[in-house]
Amino acid sequence: KGGLQQVFVPVVDKNQVPLMPTKPSRARRWIKEGKATPFWKRGVFCVRLNVEPSSRKTEPVVVGIDPGSKKEGFSIKSEAHTYLNLEADAVTWVKEHVRRRRQMRRARRYRKTPCRANRSNRSIGGIPPSTKARWGWKLRICRWLKKLYPITHFVVENIKAWTKRGKRKWNKNFSPLEVGKRWFCHELSQLGQVITKQGFETKEIRRRLNLPKDHWIDAWCLAYLQTGGALPDNQNVLGITPLRFHRRQLHALQP
């Protein structure tokens with residue numbers, strides 16, 4: 001989506017260490033002179049330097065993350081430029097697959113067929129599969145981006161779960177949303193500094209800059225809160241969707 005904008009190409013050195021992105025014209029010159037090798041990294045065009053870079057100095061690069069139930073936004077920017085905008089489809093099918101798998105497993109136990117004995121519930125005390133799949137998808141995207149850009153900070157919108165007074169099971173410690181968010185921020189802290197912002201802060205920046213409502217724009221506003229700068233000079237949006245691997249067909253109906 002978006003029109004013709006200023007685009008930057010990710011750059012890595014011979015050891016796959018990310019450097020500051022460069023302009024397409026400079027990347028083409030490097031490739032023509034044999035100083036760099038082009039490659040694609042999951043839909044993003046990149047170059048790998050074959051020589052020692054003239055400078056390894058980097059600027060603070062921030063990733064804004066806007067979680068959502070159906071769509072999620074990511075935006076990578078520094079103070080001067082916006083490098084990449086992403087809009088990702090959320091993982092929404094795991095809960096139904098787990099329910100179907102349980103249904104098929106219970107149906108098999110009624111038949112006189114060889115099957116394993118019942119096991120204790122190993123999921124008690126952990127993260128629900130659907131919750132871990134949702135937040136794990138965000139974490140995989142951040143790890144992918146970390147390999148392309150010299151990212152220093154991750155700014156995440158601090159979504160909150162509804163709570164009810166007087167009911168312990170509705171407490172935030174037992175909410176899958178809060179548990180998943182806490183696990184995600186802990187894992188994300190191993191990649192860079194994690195900063196959380198409230199939703200009203202994102203709305204205020206969007207209203208002040210007169211920007212429309214969109215997932216990638218909210219993510220850009222989150223990064224803008226950390227870096228500052230001007231309006232996004234790159235409004236192209238890369239859409240991505242998670243692949244669904246069927247390792248076992250226990251969730252599928254039998255013919």
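Buried means under 20% relative accessible area, exposed means over 50%, and partly exposed lies in between, with a 1.4 Å probe and protein chains only. This is a predicted model, in which local features need pLDDT of at least 70, side-chain atom pairs count only at pLDDT 80 or more, and totals for chains, interfaces and linings use all residues. Residues are numbered from 1 along each chain as its sequence is written, and side-chain values use heavy atoms, with hydrogens and water left out.

Two strands pair if DSSP finds at least two bridges between them. Contact means heavy atoms within 4.5 Å. Axes are lines fitted to C-alpha atoms, for helices over the stretch in contact, and angles run from 0 to 180 degrees between N-to-C directions.

Start with the four-stranded sheet. This open sheet has the order β2-β1-β4-β3, with mixed pairing. Its edges are β2 (18-22) and β3 (36-41), each pairing on one side only. From one strand to the next, the twist averages 30°. Strands β3 and β4 (residues 44-49) are antiparallel and share six bridges. Opposite W40 stands F45 in β4. Helix α1 (residues 24-33) lies across β1 (9-12), β2, β3 and β4, and runs at about 50° to β4.

Now look at T22. This residue sits in strand β2. T22 counts as buried because its relative accessibility is 4%. Setting aside residues up to four places away in sequence, T22 touches F8, V9, V11, A27 and W30.

Six strands form it in the order β9-β8-β5-β6-β7-β10, and the pairing is mixed. Strands β9 and β10 (238-240) are its edges, each pairing on one side only. Neighbouring strands are turned by 20° against each other on average, direction ignored. Strands β6 and β7 run antiparallel and are joined by seven bridges. S75 stands opposite N85 in β7.

Two helices meet this sheet. Helix α3 lies across β5, β6, β7, β8 and β10, at about 155° to β7. Helix α4 packs on the sheet and touches β5, β8 and β9, its direction making about 170° with that of β8.

Helix α4 (residues 176-188) has 13 residues. From first C-alpha to last it reaches 18 Å, close to the 18 Å expected at 1.5 Å a residue; the expected span is 1.5 Å times one less than the number of residues. Which residues of α4 are buried? They are E178, V179, G180, K181, F184, C185, E187 and L188. Their cover includes β5 (61-66), α3 (129-146), β8 (151-157) and β9 (193-197).

Next comes the largest nonpolar core. A nonpolar core is a set of buried Ala, Val, Leu, Ile, Met, Phe, Trp, Tyr and Cys residues joined through side-chain atoms within 4.5 Å. The largest one has 35 residues, of which I65, I141, L145, Y149, F184 and L188 touch the most other members. At least two residues each come from β4, β5, β6 (71-77), β7 (82-89), α3, β8 and α4. Helix α3 gives the most, with seven residues. In soluble globular proteins, nonpolar side chains tend to be buried together.

Leaving aside neighbours within four places in sequence, Y149 contacts P10, P18, P21, V44, V61, I76, Y83 and L84.

L148 lies in the loop between α3 and β8. Is L148 buried or exposed? L148 counts as buried because its relative accessibility is 1%. The C-alpha atoms of L148 and P10 are separated by 5.8 Å, though the two residues are 138 apart along the chain. Beyond its neighbours within four places in sequence, L148 is in contact with P10, V11, P18, L19, K41, V44 and C46.

Finish at helix α5 (residues 199-208). Its buried residues are T202, I205 and R206. They lie on the same side of α5 because they cover an arc of only 100° around the axis; the arc is that of the directions from the helix axis to the C-beta atoms. An α-helix has 3.6 residues a turn, so residues three or four places apart point the same way. On the other side of α5, F200, K203, R207 and R208 are exposed. The buried residues of α5 pack against β8 and α6 (215-227). Just after α5, N210 takes a positive phi of about 60°.
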